[in-house]
Each structure stands twice: as C-alpha cells, then as structure tokens.
Amino acid sequence: MTVEDGTAVPPALDVDTLRIRHQDRQAWTPDGVTFSVARGEVVLVLGPSGSGKSTLALALDGLVPHVVAADVEGSVRVAGLDTRLHPVAELSERVAMVFQDPDAQIVTGSVLDEVCFAAENRLVPVDAVLAGAESALRRVGLWERRDEDPDVLSGGGKQRLAIAAALASSSDVLVLDEPTANLDAAGLDDVYAALSEIVADGSRSVVLIEHNLDAAVSLVDRVVVLDHRGASVLDGPPSVVFGDRAADLERLGVWLPTATIVALRLKRAGISFDRLPVTSGDLAATLDAVPGLPSPSARADLALVSSAPPAIVVRSLTIARGRGRRRRTVVDGIDLTVGSGEFLSIVGTNGAGKTTLVHAIAGLIRPPRGTITVGGLDPATASAPAISERIGFVFQNPEHQFVTHTVFDELAHGPRSNGADEAAIRSRVDELLDRFGLSDSRDVNPFLLSGGQKRRLSVGTALIGGADILILDEPTFGQDRARADELVSILADLHRAGTTIVVVTHDMQLVAEASTSIAVLDDGRLLAHRPADAVLTDDDLLARAGLRTPPLRRALRGLERHPDWRGVTRMSQVPGGDGS
C-alpha cells in the first residue's frame, strides 16, 4: 500500500520466519511462521493444539519476549516497529490483546474501570474515555453491570469484559485468542457484530484465533494454517483454504466449518463437489442441487438404563453472590435428579448459574439453602478425600486446579494423596500422558503448557482417580478438533462403562453428540431436564433460554429437496465419517 506521495505504508503486522522457544523447553513453537496483515484485514490463525498459536499472539504485541521470557528468532513488526526493540507500553498503543484466559488480564475493581483503564493510562480526555467505554460495554451487553466487581462475573461475562476493553482501545490491531469460547449465542453475535463494525472502515485490523468457525468465517479475509510444529503451511481466502484443502486440514486435526465437514463426509460417501461449501447457506444450496443423497444414519440410542439409586440429588438449592445492593441470586430453587450412568449436559446463557451449580454439587461451594446428595454423600460436610473418591472435577479454568511443578506430578498428586502404590501410579500416569499427547511434556511446569494442553492435563487429573461421577466445566475449551473429538470419545467410553458424567458447555454440537439428557438453566432457574433429543428439537424452549440448536441441525434444516436430512443433529448420522 502507498499514500499519495508514493511512500510505502507498512502492513499493520508483519511476521517473518518467527520461531519461539520458551525457557526450559527444547521445541520451538511456533517454528517458522510467516504472514502479514494489511490494514483493515481480518486474518484467522488455525493450528493444532500445541502448535504455538497463543504464543504467537503474545509475540504480536511484544509480551514475548519482553514479559514472557523466551528465545526468539525471526521478527514481528507492528506498523514497521520491530517488537524486540520497542517496549510493551509503546506497542500496546498499536495492538490490543484479548487473552485466552480473561482472568489473566483483568486488573481493576469494577467493570467500567477495566474498560477505561488503557485509555486513562494514555491520558485520553475523560469525556472520550467514558464515551468509548459506554459504547464498548453496550456492544457486549455489560453496560448495566458497569459498577460490579469483575470477580462476580461468570466466565463468559469476564470474556465479554476483556473484549469490551479491547474494543474501547484506539489500537490499530486487535489480537483475539479464542474470544468466544465461553460465550453464549447472544454474546457470540454481539462480538462478531462489533468486530464487523470495527473493520468496516478499513482502519483497524484483526488477528483471530478461533475454533467457532461457523461464526467467524463470514468476517475473515484470510486463513493462515500452522502445522504440528508451528510452521505456516497454508495461507489464503477461506473459500480456497476450506473449500479446496479441507482433507489436509482434517488430517492436521484443526477445526473446520460445520458445512465443510458435512460436505467432506458426503464426498467420501460418493457425492461429487466442485468445491466444498463453507457456510450453512452454501451447504443448503449445494446439497439441494444434488438429485439424490444417501440416507442419514439412524440416531444411536445413547441412553443407559440403570436400576441403581440416583447419582446426584439436588433439592431447593439457592445460592447468592455479592453483598448489599450488588447481591444477586445466581442459583434459584433448583431441584435436579441425575440418574446413575446418565450423561447430562447443563446449558444456558452466560450467568445462568451453570458453573455455580456444579461447584455446589462438587462441594466447592457450601449451599446456604437447599440440600445436595452425591452418591450418598453430602458434599458440604464430607471430607475432601471422600469427595475425590466419588467425584472427578474439571474446572472451567484449568490453572485453578494445578498444585505441583511438573505435568507428571500433577497427574500423580491425587493418587499419592490417597496413599496409592507408587509403581501403580507411575504406570497409570504414563498411560494418561500417552493418551492425552503429553508424554513430551511430562517434566514441564503445567503453567507453561498451551491452553489446550492445560485442559487435557486437567481432564487427566480428574480421570486418574477412577471416580464414578465426572463433572467437567467447558471441557473442549482451547482444544483443536482432533483433541476435542478424542475427549468426547473418552467420555463416551466412560459413560458406556457406567460413569455418570455431567458437562457444562456452550458447545451445542458436543451436547448433541454425547448427551443422554440436558438440563436447561435460565437466570438461575431450571427450565427443563429432559432427554437430549426432546430438548434439541424444542425450538421454543431453546429460544426462551437464549440458546440455539446445534450447528449441524442449523446447517441442514434449510434443505428443501431432502426433507429426511432436516432433523439430523449428530455428525455420526452423516455418512462418510469412516473414510468409506
């Protein structure tokens, strides 16, 4: 790009053969990334878990190496400035970050102060600071909660807050690392509407690391793909990268748009496509142009009938948060019975009370009103060892449960605390390290893992004790497609073996694929607890709770020529998944 006098304008970002190696690590991740971002351009970065996507994001505003110590080769330039030669304070005026973990960047005591913080430090006039903060908070639906402490927000609420702070900045570049992973449907729409407005005039650029590609693909101009080593291997528009190279991406284990996955499977089943569709609208038009499709597979019966007593019984549970005028009820009179061997998904909008409910079930919160029984135990009064023998728990933020200095010791901690034999512990830990792709990281500090690796480690710590009830809060957050599929497969195996599983998630496709039942929460109340198919086909219930049907059903229900495909909800119903 040049200005009128012919002077070349540097790109908003320029990354040249970038390699990063963290302290005490042997591998470079990323290892050879090259791409540029023009002014006004939106670039999506895809790659398997552990390929260095989040590390790359930290390097784009100089946090690596100025704050996070690491060896760096190659270069990152922000508007022509080499990030190694300029301090983070200067670079932050040009690049705004949204971290994968919003807790890592929230520093003030109120929602409004958090959004004002960056502009105030740049000495922006007060009126402009407040106007920008109000606009950003309204965009993400937090203006009415501007006086609250960020600590009382849900995980999704904190994610909205971090995004609002970035939107309110005057930075030319926004770097967003999994910005919608914990957001409900309304929050996701708000974020992408705001990003669309921001890039519309061509003055601001966006680098996006995202797994929800159905939402992102219409905004994205280019896709940069990293391989397992963290080297850039593909770079092009979404229609080319997804439409022509989907099979290559599938082998890498990265996420694909739902429409592309469906078409890729049907291509394996014998349906010919000139180019695979990327959006739901493209998929419907493409499939309606096909005279005959193979019939979808019948839905497998996931229900596990058990005559055993209920695994979890909750009665009249009420929990409030905050004090004084800020006090609000987050769980309101819930009655819930979870059968032994049930696979229950708990769904609802941000702030509906999902995480608070499962924290109370696991004994992490003592309920002021109501009772809970888990396998005959009262979690509020039972000892920690007694609870851990019955319940394996995975936090929404995996760092909240790490207590040792190596990955191996983290997995071994629970069995060691319960007096298990050391040889048996080592055998079981080695098995889980291999199963979750963490063998090469056995001696690494858990806090130095990638986001996806931390999540897999947290799931491993819950599994290793062999508890017969497993509770997971957003288990697929930060995972690439291959690891997410593997985790769902592990949970399905445990469920078939009789383990009771409770999952809190915004991933409605995960809900459709694995659940036997669904509990729908809204504003702290239980709207419904029904078999999964009954909930997923009740559009009125989902709309009342602020939820959406699974993306696969949304992608297929617009078909006109093939009515038998409109009710498909599970990817396992689409032929071609086994490569045949």
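Trainee: Into which domains is the protein chain divided?
Mentor: This is a predicted model. Domain 2 is built from two segments, 257–294 + 550–579. Domain 1 covers 15–254 and domain 3 covers 310–546. The division is therefore domain 1 (15–254), domain 2 (257–294 + 550–579) and domain 3 (310–546).

Trainee: How many residues do domain 1 and domain 2 each bring to their contact?
Mentor: Start with the spacing: the C-alpha centres of domain 1 and domain 2 are 32 Å apart. The contact draws 12 residues from domain 1 and, from domain 2, 11 residues.

Trainee: What area is buried between domain 1 and domain 2?
Mentor: Carbon and sulfur atoms give 59% of this area. The total buried between domain 1 and domain 2 is about 930 Å².

Trainee: Which side chains meet in a salt bridge at 2.8 Å, N to O?
Mentor: Between domain 1 and domain 2 the count is 2 salt bridges. Residue pairs in polar contact there number 4, with both residues at pLDDT 80 or more. The salt bridge at 2.8 Å, N to O, joins the side chains of D244 and R275.

Trainee: Which helix gives the most to the side of domain 1 that touches domain 2?
Mentor: Two helices each supply at least two residues to that side: helix 8 (213–216) and helix 9 (238–252). The residues of that side divide into 7 nonpolar, 2 polar and 3 charged. With 9 residues, the one that gives the most is helix 9.

Trainee: Why is helix 12 largely enclosed by the rest of the structure?
Mentor: Helix 12 spans residues 354–361. Its buried residues are K354, T356, L357, V358, H359, A360 and I361. Helix 12 is largely enclosed because the buried count is 7 of the 8 residues.

Trainee: Is R222 buried or exposed?
Mentor: R222 lies in strand 9 (residues 222–226). Its relative accessibility is 16%. The cut-off for buried is under 20%, so R222 counts as buried.

Trainee: Which side chain forms a polar contact of 2.9 Å with the side chain of R222?
Mentor: Beyond four places in sequence, R222 is in contact with residues including F35, S36, E41, D235 and P238. The R222 side chain also reaches the backbone oxygen of S36 at 2.8 Å. The side-chain partner at 2.9 Å is D235.

Note on methods. Residues numbered from 1 in each chain as written. Predicted model: local features only at pLDDT ≥ 70, side-chain atom pairs only at ≥ 80, totals over all residues. Heavy atoms only, no water. Contact = heavy atoms within 4.5 Å. Buried area = accessible area lost by both parts, 1.4 Å probe. Salt bridge = Lys/Arg side-chain N within 4 Å of Asp/Glu carboxyl O. Polar contact = N/O pair within 3.5 Å; in protein donor to acceptor, adjacent residues only side chain to side chain. Helix = DSSP H or I, 4+ residues; strand = E, 2+ residues; numbered from the N terminus. Nonpolar A, V, L, I, M, F, W, Y, C, P; charged D, E, K, R; others polar. Buried < 20%, exposed > 50% of the residue type's maximum accessible area, 1.4 Å probe, protein only.
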